[in-house]
Amino acid sequence: MIGDIYITVEGGPGVSQEASTAHARGAAVVPVMRTGGASSGDFDFPQGALQKPRYSTEEQWALLASRDASVEESAAALAAVV
């Protein structure tokens, strides 16, 4: 693991393990929670990574989680966060 920022989309146990490793070493993990799977908290995804980071607004973070938001709105929020 060499990245400073990790974006997760859906995923299973492998994504959860990689996110846990990255989060434990201090990397930013940005889950697209609306996609389900590990990115929404399944498979022991690190709970700290599901909390809004200081560099994201409440609105941006909510758009990453909302299945009611358009894909374009969530994508714009993701781009703004990273």
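**Entry 1: a contact.** I began with a side-chain pair: Thr8 and Ser39 are joined by a polar contact of 2.9 Å. By polar contact I mean a pair of N or O atoms within 3.5 Å; within protein, one must be able to donate a hydrogen and the other to accept it, and residues adjacent in sequence count only if both atoms are side-chain atoms.

**Entry 2: ground rules.** I noted that this is a predicted model, where local features need pLDDT of at least 70 and side-chain atom pairs count only at pLDDT 80 or more, while totals for chains, interfaces and linings use all residues. Residues are numbered from 1 along each chain as its sequence is written, and side-chain values use heavy atoms, with hydrogens and water left out.

Entry 3: I found Thr8 in strand 1; strands (E, at least two residues) and helices (H or I, at least four) are DSSP runs, numbered from the N terminus. Is Thr8 buried or exposed? Thr8 counts as buried because its relative accessibility is 8%, and buried means under 20% relative accessible area, exposed over 50%, partly exposed in between (1.4 Å probe, protein chains only).

**Entry 4: the partner strand.** Across from Thr8 I saw Pro31 of strand 2. Strand 1 pairs with strand 2 (residues 28–32) in the parallel sense, over five bridges; pairing takes at least two bridges found by DSSP.

**Entry 5: Ile7.** Next I looked up Ile7, also in strand 1 (residues 5–9). Ile7 has a relative accessible area of 44%, so I wrote it down as partly exposed. A reminder to myself: side chains in a regular strand alternate between the two faces of the sheet.

**Entry 6: two positive phi values.** Glu10 is not a glycine, yet its phi is positive, about 50°. Glu10 sits in the loop between strand 1 and helix 1, and is partly exposed at 45% relative accessibility. Phe43, a residue other than glycine, has a positive phi near 60°. I placed Phe43 in the loop between strand 2 and helix 2 (58–65); at 45% relative accessibility, Phe43 counts as partly exposed.

**Entry 7: Ala75.** Where is Ala75? I located Ala75 in helix 3 (residues 71–81).
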